[in-house]
Amino acid sequence: MLPLAPQLLEPKMLRTSSICVALILLLVSSATTCSSVGPELYQFEVIAILNGDTVQVRWLKPAPGGAYHSEKESVELVGIWSDPAREPSSAYSHRLQFLASLQGRTVQIPITIWAGSGMEPRAMPEWSAEILLEDGTSVNEFLLKNGLAMLDEGPTSGLSAAEL
């Protein structure tokens, strides 16, 4: 057994170390009281097309607990690069036409419901999300596979070699 350093047994050091242990336990216990359920698929109606990679949707029924951010949500299609000034106009316009065909249709979006001690469950849509049709078809994958969009690979997506 290792001997304890004499300074650790002083009252001031014992109080300081007790406070540190209490703070650590408080942080650990509060981290474990907040949990998420999901993501689960929730149904929305597409109500508007905001641009080539963002749609506006309306919740068809409230999330568990009746809580949601707002009745209307703007959801960016994850993985879809869009810049009307830099991409071929035909690709952009065809993508807009396809997205416009979704208006009024029911889609599914993965949502994570967060709940913690003493707080109401809150729905947090993945603001950049994969949007699924009622039959499970991914809108994001459809756009990419059919040449209606380019994959968003981060800040350099869509830049030519000269621009890099």
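Analyst: F98 is buried, with a relative accessible area of 18% (buried is under 20%, exposed over 50%, partly exposed in between, with a 1.4 Å probe and protein chains only). F142 counts as partly exposed, because its relative accessibility is 31%. These two residues open the way into the region.

This is a predicted model, in which local features need pLDDT of at least 70 and side-chain atom pairs count only at pLDDT 80 or more, while totals for chains, interfaces and linings use all residues. Residues are numbered from 1 along each chain as its sequence is written, and side-chain values use heavy atoms, with hydrogens and water left out.

The protein chain has 3 helices and 9 strands (DSSP runs numbered from the N terminus: helices are H or I with at least four residues, strands E with at least two). Their order from the N terminus is α-β-β-β-β-α-β-β-β-β-α-β. The chain has 164 residues, and 28% of them count as buried. Take the contacts between residues at least 6 apart in sequence (contact means heavy atoms within 4.5 Å). Of these, 61% join residues at least 24 apart.

Now the rings. The whole structure holds 3 aromatic pairs (Phe, Tyr and Trp rings, the six-membered one for Trp, with centres within 6.5 Å; planes under 30 degrees apart are stacked, over 60 edge-to-face, the rest tilted). F44 and W59 form a tilted pair, at 4.7 Å centre to centre and 50° between the planes. F44 sits in strand β1 (residues 35-51) and W59 in strand β2, so this pair ties together parts 15 residues apart in sequence. Both F44 and W59 are buried. The pair of F98 and F142 is stacked, because the ring centres are 4.7 Å apart and the planes meet at 25°. It links distant parts of the chain: F98 belongs to helix α2 (residues 89-100) and F142 to helix α3 (residues 139-145), 44 residues apart. Y42 joins F44 and W59 in a cluster linked by ring pairs.

Next, the core. The largest nonpolar core has 22 residues (buried Ala, Val, Leu, Ile, Met, Phe, Trp, Tyr and Cys joined through side-chain atoms within 4.5 Å). F44, V57, L99, I109, I131, V139 and L143 touch the most other members. At least two residues each come from β1, β2, β3 (72-77), α2, β5 (106-115) and α3.

Follow L143. Beyond four places in sequence, L143 is in contact with L77, I80, R95, F98, L99, L148 and A149. Three of these partners deserve a stop.

R95 lies in helix α2. It is an arginine, yet R95 counts as buried because its relative accessible area is 0%. A polar atom of its side chain is 2.6 Å from the backbone oxygen of L148. Its contacts beyond four places in sequence are G52, I80, W81, S82, E87, L143, L148 and A149.

I80 comes next, in strand β4 (residues 80-81). I80 counts as buried, because its relative accessibility is 0%. Residues up to four places away aside, I80 touches G52, D53, R95, N140, L143, L144, A149, M150 and D152. Its C-alpha is 9.3 Å from that of T54, 26 residues away along the chain.

The covered face of β3 carries E73, V75 and L77; the uncovered face carries K72, S74 and E76. Strand β7 (residues 128-129) runs parallel to β3, joined by 2 bridges (strands pair if DSSP finds at least two bridges between them). There, L77 stands opposite A129. β3 also pairs with β2, antiparallel, over 5 bridges.

K72 in β3 is the bridge partner of R58. R58 lies in β2 (residues 54-59) and is partly exposed, because its relative accessible area is 25%. Neighbours within four places aside, R58 is in contact with Q43, F44, E45, I47 and E71. Its side chain makes a polar contact with the side chain of E45 at 2.5 Å (N or O atoms within 3.5 Å; within protein one able to donate a hydrogen and the other to accept it, and sequence-adjacent residues counting only if both atoms are side-chain atoms).
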